[in-house]
Amino acid sequence: MSVDGPAGFRWPFVFWEVGMREETEVIAHVEPDLLAARDEAHEIEPEERSGPRLVVTVSPDAAEPFGEVILTASIEADELPEDTKGEVVFLDDQGNERGRAALTDRLDPQPFTARLECMAPERPGKHVWTARLESEDLECDEVSFTVTIAPHPISVTIWDMPPAIEQGRSFPMKVGLRCPCGCNAQGWTFRLLDSDGSEILAGQVGDEPWPGTASLYYACLDVAAPDTAGSHRWTVVAEPPEGSDVPHAERRLSIVLNVMRQPEVSLRIRARDAKTGEPVAGAKVVAHPYRTRTGEDGEALLHLPKGTYTVFVSRSPYFAFKSQGEISEDMTLTAELHEDRALTDAELWA
Amino acid sequence: MTTKGSKGSVETSNGLNRRDFFKASAAAGVSAAALGGAAAAAESTDEIKWDYEYDVVVCGGGCAGLTAAIRARDAGVSVLIVDQNFDLGGRMLHSGSYLSLGGGDPIQKRDMAGESDPEGFITVPPVESPEELDDNIELLFTDVTDWSIVDGKAQSPYRYNEREMMRAWAENCPPTRQFLMDNYVRFTRVSGTHGGGGLSRARAPYCFLMLGDKTDIKAGTITPEDAGVADPERTSPFAPVQMEDATQFVGPNAVRNGVALARPLEFSAREKGVHIMLHRAFVDLIREKPFEGRVIGIRAEYRPRVHPKTGERLESFWQNGNIDERRPSIRIRARKAVILASGGHAGNPQVRSMFYPAMREPAFPTSGFALQGPGGQDASALIAALKIGANLAGMQQNLSYPTTYHISTTLGTRDAYTNMMPGHPTFVFRGSAGINVGNAGFEEFIAVNQVGKRFFNEVRLPKRPAANRYPGDGAAPGKGLDHKPLDWRNCSAEWIRKSYNYDHGLDAALAINEGSRAPNYYSGPLWAIFDQDAVERTGWELRFPYVSEENGYFFKADSIEELAAKIYAGHPFQRVPLSYLAQTVETWNRYVAEGADPEFEREKDAPMYAIAKPPFYALSIMVIWHDSYGGLRCNGRQQVIDMQGQPIPGLYAGGECVGGFNKHGLGKGHVQGFIAGTYAAKEQA
C-alpha cells in the first residue's frame, strides 16, 4: 500500500509512518502539502539565496519511453532586469543537447519561462538531466532535474478470432506480443482470463515473427467457447518478462466474444449493381456478428440462428446497402447496390 | 518620365453620383493628383530605377493571367507575365478543364444545332438536349445573382455576388468562349454546369485533345506518354495529372483535363510574343503615392524552384519568350496597367485563417501544392493590393461553396487533391501519389486526430453537399428545366430542412483536442488506422508510387503502439504523441464485437471492421483548402476598387484573387482575365 505524497512521488506507507510516528495524532488531519512544506523547510540551506535560480519542472511524472516530455524552466529571482532575454539549454544524462527554448518576455502570462517539448528517452527509470541558462543579461547556476521514464509497455494483439463463435465448440485465436521499444519478445508469456477473472489458460509466444511483421511473436490457440450464448468479455494479460534487464509493465487487453447458438437457418445474399443488374463479386456481407463475402457470382451464404438482424452489403464504389428484419426461415435477400456518385469528376476538378 | 493620367484617363465606370458630394471630392482628389500633381508624380517615378518596362504586366500565368495576357497582346501592346512557379499554367494546368460559361456561348449553340467541331474530332452526339442548352445573357445574369438559391449547407452562393461584375461576366461569357477557341482550345460536348455557374441551363464542356503520334497543339494531338495514359503509374512533364478518357463527350481516342486548356493557351501566348519571367514572385505594387495615384509597376523577387536533392533549377516545358532574369529583386514598369492574376489565399495559412481560424494549421495544404510550390495561392495579390488601399468583396463566400476546404478521399500524401505520379518534375515535392479510397473506403478504417482519438462517424467524414449547378442535384426544388429562378420556395424553411445535407465532420476534425496547445491550438494531423485484414478486403496497393515509406504520410508497424510511435517520430506536423491510440483501437474492437458504436453511431451507416490483424497501417487524411472566395473588389471592367469606391488607376485583377463571385473554377478566371486584358490594353500609357 502506498500513499500519494507531494510532487507525485509515491511514498511508501511504512516510511511515512516511521517518520511521523511521534506526531501521528497531530498530523492525521493536516494537508499533505503543508507537511511537504515543513519537510522542505528542513532542507533549505541556512545561507540566503538572493541570486537568480533556474527551476525546472517535468511533465508528465512518468513519461512513456519515446513519448513526450515537457520541460519547463523558469527563472526565480528577487529582481530581474525588465528585458531579460536568454535561452535555456537542456542536456540529457549523456551531456547531449536535447533542445533549447527561448525565455518568454515579462508580459507573457508565464514570464521568463522556457518550455521545451521533446521526445522521452527509452530507458525506464530516473534520468538526471541538466538545464543551463544562456543569457547576456544575467547569470545563474546550472540545475539538475530528474526525468522519470515509465517501464516499457507491452503490445498485445489478438487476431483471427471468429466474429461469431458457436457455443460449446472450440475456436481459434492468435495472440501476439511485442515491446514497441524493440526488446525481443520471443517466448514471453501471457494468460487468458474469462469474464469472472478466472484463468482459462496460460501460454507463451513462439520464436518466429508473424509473416509481414518484423518481430511480432505469436501463439496459435484453440480455446473452448463458453457454454452460454451472448457477449463475453475476456482479458488477455501480458506479463512482464522475468529476467529482462529492462522493466516492462503488465498489459491487460480486453476482448469481446460473440457466442451464438447453433445455426438454424440460412441466408442467401445476391449482390447486384442497381443500374446494370450485374452481380457484384467480393462484396462484404455483414449480418452482425456473422460475416462473409460474395463470390464471383455475386452470391454468399450465411448460416445463423433465427433472430433479428441488420444486414449490410457493401463494396467500393457503392453506397452500403442496409436491410433490417426478422430471419426465421431460410431466405434470399437481393442487395441492389447504388454507385456512390455523391461526388462527380466535375466536383473534384476545377 | 511621362506625366500620369493628365488627360483625366482615370476611368470611373459609374461616373459620379451627383448626390454624393463626399465621394465626388474624393474622386476629384484623385484626379487632381493625376492632373495637377504631375510634379509630385514625376518625382516618385523619377526616383525609381526600372529594370524592365512593358505596356501591361500580368502577375500570374494561370487561368486568368494567360487569358488576360493573350487578350492584351491581341490589341498590339507589349505584355510580360511574371509567375512564381517554374512553368506556366497555374492551377489551371492540373484542373479537370470543366469550363462553365453560358449565356448562349458558341459551344452551347454548336451543340444545340447538333453540329460537330470544325476539325471533325467530335463524333458523339450532343449530351444535352437543345432545351437544356438554350441560354441567353439575361438568364445567365439572373442565375448568378439569384437571391433565392440555397445550398445543402443552407448557404447562399449567388446572393452575395458583386452585381456589376456579374453583369460584365455574363455579357463576356460568349466572347470569351470564342476567344479560347481562337487560341487552340478545343471543347467537348456540353455536359451539365459547374458549381456556382447557375441552375437553369447546361453550360460546361471539358477541353480535349486527340491521342496521336505527336504532341502538336495546332493539330490538336497529344502522345499517350505526354497525356499520361500510356502507363497508369507515370505522369509526364507535359501533363502533371494524367488525362482522362473523353470518349463520352468527344469520341474514342480523346482525352481531357486542364492540360488540354493550359498548354494550348500557353502555346498561343508564346507564339504571339508574350514575354514570360518564371521563378519570379510578384511582391509589391508600386503606386505613385501610398493610397493615391496610379499603379505604375511592380516589384518582384527571384525565388527559384530547385530540386531538393540536386539543387538544379526546374525548367519550364517550353522556353520561347522566357526571360531568364536572376537578380534578387527587380522593378518592372507597367506603362498602361498591372493585372493581378496570382491566385487566391488557399495556400497561406496566416491569411486564410481570417475565414476559419482552425485552418491556420499549416499541416493542411492547398491543392496542387507540389506543382505550384510554397508560393502557390499565397495571397500575394490580396496582400499587395491591400497595402495600397484596395477594397474587399465576398468575404463570407468561402463558407458557401462545398469544396472550399474539404477532407480528401486520397490518403497517404500531403498533395491529396491530385494524383500526380512520378514523371513530372515536381513529384519529388510530394513523394507519393496517394491512394484514392473513395467515399466507400471510409468504412474500412477508423479516423483519429493528433492524440489518437476518434472524432466522428468515419463514413460521414468525406461527404460534401452537392454544389449549386445545373441540373440541380437537390440544390433547388425544381430540377433541370423545372427549376424556377428567383423563387421564394427555393429557400423556404421547409425546403432547407428537407435539403440540408451536411454533417460537419470536417469541423469535428478541426476542433480543439487534447493535443492543441497555446497559443495556436492547432488541431493537428488526421490518420486513417487499419490492419492487414482491411488491405485484403479492399485490395489497396500500399506500395510506391501510391505511398512512400519515407515521406511521413504512410506508416506500417507490428503493433498499434509501435504505429503511434512511428507517426510521432516520422510525420513533420505531428507535434504531440498519439497517446490514446492503443486505447482507441481496443475500444473500437469492442464496439465492433458488440455491433454498436455509442460514440458516433457508426454502425448505422455501414458495417464496422475490427482492427486486429497485424501488421497495422496508418495513412494520412488531408484537409485541402482548394477554392478562394473573398478577395479584391472589382468593378465591371475588373478594375480594383479602393475603400472610397473608386477604381485604383492602372490596376486590374482577375481569377481567384478577386472576391464577390462564388463560382468555382475556370469560368470565373477566363472571363475576368478576358475583360481585364481588354481594358488594360486600352489604358493610356
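**The interface between the chains**

Begin by displaying chain A and chain B together and selecting the residues at which they meet: 52 residues of chain A and 58 residues of chain B take part in the contact. The model on the screen is a predicted one. About 4,200 Å² is buried between chain A and chain B, and 51% of this area lies on carbon and sulfur atoms. Ten salt bridges are counted between chain A and chain B. To view a salt bridge between R251(A) and E561(B), select these two residues and show their side chains; the N to O distance is 2.8 Å.

**Salt bridges in chain A**

Over all chains, the structure holds 73 salt bridges. Select R132(A) and E142(A) next. Their closest N and O atoms are 4.0 Å apart, and the two residues form a salt bridge. R132(A) belongs to strand 8 (residues 125-134) of chain A, whereas E142(A) sits in the loop between strand 8 and strand 9 (143-149), so that the pair links parts of the chain ten residues apart.

Remain in chain A and select E299(A) together with R272(A). These residues form a salt bridge in which the closest N and O atoms are 3.7 Å apart. The pair ties together parts 27 residues apart in sequence, because E299(A) lies in strand 21 (residues 299-304) of chain A and R272(A) in strand 18 (residues 265-273) of chain A. E299(A) has 18% relative accessibility and counts as buried.

**A residue in strand 18 of chain A**

Strand 18 of chain A also holds S266(A). Is S266(A) buried or exposed? At 16% relative accessibility, S266(A) counts as buried. Which residues are in contact with S266(A), once its neighbours within four places in sequence are left aside? They are L301(A), L302(A), H303(A), E329(A), D330(A) and M331(A). For a distance to check in the viewer, select the C-alpha atoms of S266(A) and G298(A): these residues are 32 apart in sequence and 17 Å apart in space.

**A loop and a strand of chain B**

Move to chain B and select R313(B) and D324(B), whose side chains meet in a salt bridge with an N to O distance of 3.3 Å. Both R313(B) and D324(B) lie in the loop between strand 9 (292-302) and strand 10 (329-340) of chain B, so the pair ties together parts eleven residues apart in sequence. R313(B) counts as buried, at 18% relative accessibility.

Then select K289(B), which is placed in strand 8 (residues 280-289) of chain B. K289(B) is partly exposed, its relative accessible area being 36%.

**Helix 7 of chain B**

Select residues 163-182 of chain B, which make up helix 7. This helix of 20 residues reaches 29 Å from its first C-alpha to its last, close to the 28 Å expected at 1.5 Å a residue. Where in helix 7 of chain B does a kink lie? It lies at C173(B), shortly before the proline P174(B), and amounts to about 45°.

Colour the buried residues of the helix, among them M165(B), M166(B), W169(B), C173(B), F179(B) and L180(B). What covers the buried residues of helix 7 includes helix 3 (63-74), helix 4 (106-112), helix 6 (137-144), helix 9 (259-271) and helix 18 (666-682) of chain B. Just after helix 7, select Y184(B), which takes a positive phi of about 75°.

**The cysteines**

Finally, select the cysteines. How many disulfides are there over all chains? The count comes to zero. A disulfide would require two cysteine sulfur atoms within 2.5 Å. In C140(A), the sulfur is 19 Å from the closest cysteine sulfur, that of C118(A), which is too far for a bond. C140(A) counts as buried, with 16% relative accessibility. In chain B, the sulfur of C59(B) has its closest cysteine sulfur in C657(B), at 9.1 Å, again too far for a bond. C59(B) is buried, with a relative accessible area of 0%.

Note on methods. Residues numbered from 1 in each chain as written. Chains lettered and ligands numbered in written order. Predicted model: local features only at pLDDT ≥ 70, side-chain atom pairs only at ≥ 80, totals over all residues. Heavy atoms only, no water. Buried < 20%, exposed > 50% of the residue type's maximum accessible area, 1.4 Å probe, protein only. Helix = DSSP H or I, 4+ residues; strand = E, 2+ residues; numbered from the N terminus. Expected span 1.5 Å × (residues − 1). Bend = angle between axes of the 7 residues up to and from the residue. Contact = heavy atoms within 4.5 Å. Buried area = accessible area lost by both parts, 1.4 Å probe.
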